Structure formats: structure tokens, C-alpha cells
Amino acid sequence: MSSRKIETWHAAGLIDVETRAALLAYEAEHARPLALWAVFGIGALAIGLGIISVVAANWEDVPGQVRLAIHLVLVAGLVGAVFAREDKIAQATPWALEALVFVASALGLTFFGHLGQVYQTSSPLWEPIAMWLALFAPLLLLTGRAWPAATLLIGGVTLCVWEYYDAVAGSVFGRAREEVSFVWLAAVTSAPLLFAPLAAWLRGDRSPIIVAARERPDFWRRLKQWALVYAVTGASLLAILASLDAFRDGDPGILDAGGQFVRAVIAIIVGGLVVVARPGVPGHMSGAIFTGTGLTAWLAASFSGIDVAAGLLFMALWVSVAGAALQAGWRAVFQLAVAVVAVRLIVLSFELASDLLLSGFGLIVSGLMILAIAWVAYRVSREYAPERNDNTDTKDAP
């Protein structure tokens, strides 16, 4: 907060003299020398780029085993530093610990690529990622504190399961191998959802295990948010594919009917577990959204090729997200849901009346329709969105 803003508040009569003095004193005591830090950052960046340039220029001259040994020592040193000094680093600067964990895990991931480069080996991408998850997922779960670690963990799991799907099935969207069990693959690709009940349980006050986990609520909140994003994104894509008539009988693959049923069941079970693990309105609304994604996955095939039904299914999913956000007080989620529904409504109107775009009068009507939908969405997001609440955004977010 700048002193100019404080003076503006005082001039407007929003704060008295004592509050003004207290704010100025607090800001002076906690001021950060941004210019100095910027100079330090530029210097560190220059040094880092110089080191990278020197190493890159002589990369081929360094024996492969030596490069691997240096890489492994770096990873081991960072991981050792995390576990040896975790408490002290966290007390001093939690973000420094988060950066240390993230860099150690990222270096661990690149080590497998480095290993394949040195020994000229090749394997399906999911195998080294699975090995990395087996080694570094415990590190991220035990020490992660914010969104970088949560994003790296669930991103790694998501990439692993879909690379496994592609390697086993032979194709994600086209015609896949007949002998593949798409029910099993549907269960595997639903694995990221399982982080939601785990995160809800470890974040809650009733968790009897890993007491230290409750000291990292931001990490568990972000992990559950990413699982929720994965579920909603997947269900939305299925509804869009239904509007494109992508579900075809006798065509095995990601759209297999049995696989969709498994995905729906897993999403509904995950929703129930989230409700049990995190009682209260936020937990109930998160569970309701997971259940809604499961129902969408189940119904998508039935609406394949029916533009109106598939469009309404998509909008019903996001209306349920908006309703849950409204009940739980998630302002940003509510506004996002309203915007998504408005965009889908515009697309649906064009799908139903594409001939309007072929004439000047039709273009005028289409433009007016877009403006009307945008105005209604804006009014709804302004009038009905929950009030901004720092406590809600940080503690009760999905």
C-alpha cells in the first residue's frame, strides 16, 4: 500500500489522523526495497544465464556419467536441504521452501529425460513420469505449501494417466484397439479426482493423521481446486463432444459408453467423500459440483448429435457450478460460471440459426443478440455474485 493512497483516504475522511499515522508507521516498518531487490534479481539472473551458457557450450564435452552424477547430486542436495531445514526455512520464508521443493521436484523430473539422453533409451512417456511420481509425490505431499507444488503434482498425474491411455489404447480420439478395456482406462484417467477427498480430509480439523498437514491449508485447497477443475473441464468437453455428435456406436475409445459410466460413478463417489471429509456448506457445494460432472459424463452420450440437448446439458453443468458458488460464497467462481453460460448460449444460438450470418440483416441481429446476452450476464454477475470476502476466498474456497 502506498503512502499516497493512505493520504487520499485521509483527505476523503475515510480514516482519522491516528489511523493514518498508524498505517504510515506500519508501511514504513514493513516496506520492501523493490528497486534493490530488482537489482539483485537482475544480477542473479545474469549469473544464472551465464552459467547456463557456459554449460550449454561445453555440454557435449562433458561425459554423460559425469552429467548424470552432477544432476543427481543437485537433486539429492535440494531434497536433503528440504528435509533437514524444513521448519526453519518455513518459519523464515515459506515461499523459499516452496521454491526449493518445486525446483527439486522439477530437477527430479528432468533427470529421467537426461538419463534417456545419455544411454539412448526410449520408453512410453508415462513410464518415467510414473517413476518420478513414485519418488517425488511423497515429497510434494509432505512439504508442499502453495499452488506451485500442487500444480506440479496434479499436472504430473494428469499427464501420466493420459500418456498411459494413449500408449495402451493406441489413440485418444480416433478408433482405438479393440482388445483394450476402456472401463479400466476410464478408471485410470479419473485418478486426479481422488486428490479432492484426500485434500479435503487432510485440510479439515477432524483429521487425526499427519497433524502437520493441517498447517498447510493453502496446498490442500489448491490441490482440491485442481481436482475440481479437472472434473469440470472433462465434463464440459464431453458435453461439447456430444453437441458435435462424437459418440458413435461401435467405435471404442475415450467415448466408450462403459467408460463414461465408470467416470460418472467415480465422480459421484468422489463428491460424496468430499462431503464427508469436509462438512459444511463449502464441502457440500464442492461435492455437489463433482456429482454434477459425473451426471454430465453419464448423460452426454444420450444427447449426442442433438444440438439443443447437448447445449442445455453443458449449460446445466455450469448453472449448477454457479448455484454452488452462490451458496458457498465463491464470487470469482460464480462470475466465471455466468460468463461460460453466456458464451455457450451465444454459440448455441448460432448453431440453431447459422443462416443469420449469411446476410447483413442477420449480422445485425446476431450482434444485437450478443450484446443483449453479454449485458444480461454482466448484470447477473454484478447483482447476484457473492460479496467479496477475504475470509471466504482464502479459507472456504473450493
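Helices here are DSSP runs (H or I, at least four residues), numbered from the N terminus.

I noted that this is a predicted model, where local features need pLDDT of at least 70, side-chain atom pairs count only at pLDDT 80 or more, and totals for chains, interfaces and linings use all residues. Residues are numbered from 1 along each chain as its sequence is written, and side-chain values use heavy atoms, leaving out hydrogens and water.

Next I checked what follows helix 10. Asp-245, just after the helix, has a positive phi of about 60 degrees.

Then I turned to packing. Helix 10 packs with helix 13 (residues 307-328) at about 165 degrees, and their axes are 8 Å apart. That makes the pair roughly antiparallel (an angle over 145 degrees). Axes are lines fitted to C-alpha atoms over the stretch in contact, and angles run from 0 to 180 degrees between N-to-C directions.

I listed some of the contacts (heavy atoms within 4.5 Å). Helix 10 brings residues including Val-232, Ala-235 and Ile-240; helix 13 brings residues including Leu-313, Phe-314 and Trp-318.

Last, I looked up His-71 in helix 4 (residues 64-92). Is His-71 buried or exposed? His-71 is buried, with a relative accessible area of 11% (buried means under 20%, exposed over 50%, partly exposed in between, with a 1.4 Å probe and protein chains only). Leaving out residues up to four places away in sequence, His-71 touches Leu-107, Thr-110, Phe-111 and His-114.

Terms used
Helices (H or I, at least four residues) and strands (E, at least two) are DSSP runs, numbered from the N terminus. Angles under 35 degrees count as roughly parallel, over 145 as roughly antiparallel, 65 to 115 as roughly perpendicular and the rest as oblique.
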